[in-house]
Amino acid sequence: MAERTLNVKLAAAAVGGLAAALILGLSVVANAGATRTSSRFPKGSEPVNLNPADFSANIDNRRWPMTVGSRWIYRVTDFSDGSTKRDVIRVTDQTQMMGDGIEARVVSDIVSDHGKPTEATKDWYAQDSHGNVWYFGEDTVEYKHGKAVDNGSWQAGVDGAMPGLALPAKPKVGMSYREEYSKGEAEDQSRVLALDEQAEVGAGHYTHVLMTEDFSPIEPKVSELKFYAKGSGQAVLAVDVSGGSEREELVKYTH
């Protein structure tokens, strides 16, 4: 835990205006063991049986609404060298049936560098009857030397892959859950660190922000903090605090 706390401090120093929010979160990280709350959501490779009748491709979670046509524009900065990329996420009017029988919303995510796409992804999401947003996989291509190559695509219900939770409807400090599961390919997990943080980004100043930490057994030295604001959809901010050097901040949101 001491190593993770140090990494958060280093990240705070690197991202400037965010330092106060991250430092406020240190007390939560330090006491995570005392406040850990169990959840009914799957973790790791735990199997999960979901009823398609309980799900909808229409997503209105208060922290992550995905209204058709909504668009988020992010500035992705690598603070190790100062380079930047542009990430545009858009909720399409398309849906797709997953391998486990659940109809999911198709969300487009395109990263570009000086106008040229470097990665294009179709993500699949659906919301259950309790308001929890679930993630069902991705169809991702990376562009190398002008050629498109697969970059870790997977789909729930296919080849042992399983869905995970993108965001709970009623988060509690200490709650932990898996975000995705495709063995050896996509095993991201998340834990809730705080419910009332702040975030200052290009799109504005947000309060009462949910802060989570993302991590993966595939890359045990990598850790990322994400900040979700009510009504904003997607994370307004994501910062690498260990094993990386990127800051993704929302600069514009239309819906």
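This is a predicted model: local features need pLDDT of at least 70, side-chain atom pairs count only at pLDDT 80 or more; totals for chains, interfaces and linings use all residues.
Me: How do the residues lining the largest pocket divide?
Reply: There are 19 nonpolar, 10 polar and 19 charged. Ala, Val, Leu, Ile, Met, Phe, Trp, Tyr, Cys and Pro count as nonpolar, Asp, Glu, Lys and Arg as charged, the others, Gly among them, as polar.

Me: What volume does the largest pocket have?
Reply: About 1,700 Å³. Of its 48 lining residues, Glu 119, Asp 188, Glu 224, Lys 226 and Glu 248 are closest to the centre. A pocket is an open set of 1 Å grid points over the protein atoms alone, where a 1.4 Å probe fits, with protein on both sides within 12 Å along at least five of seven lines; lining residues have an atom within 4 Å of a point. Volume is the space filled by probe spheres on points joined across faces, edges and corners.

Me: New topic. Where is Ala 156?
Reply: In the loop between β10 (154–155) and β11 (162–167). Strands are DSSP E runs of at least two residues, numbered from the N terminus.

Me: Which residues does Ala 156 touch?
Reply: Beyond four places in sequence, Met 98, Gly 99, Asp 100, Phe 136, Ala 161, Met 162 and Pro 163. Contact means heavy atoms within 4.5 Å.

Conventions. Residues are numbered from 1 along each chain as its sequence is written. Side-chain values use heavy atoms; hydrogens and water are left out. Helices (H or I, at least four residues) and strands (E, at least two) are DSSP runs, numbered from the N terminus.
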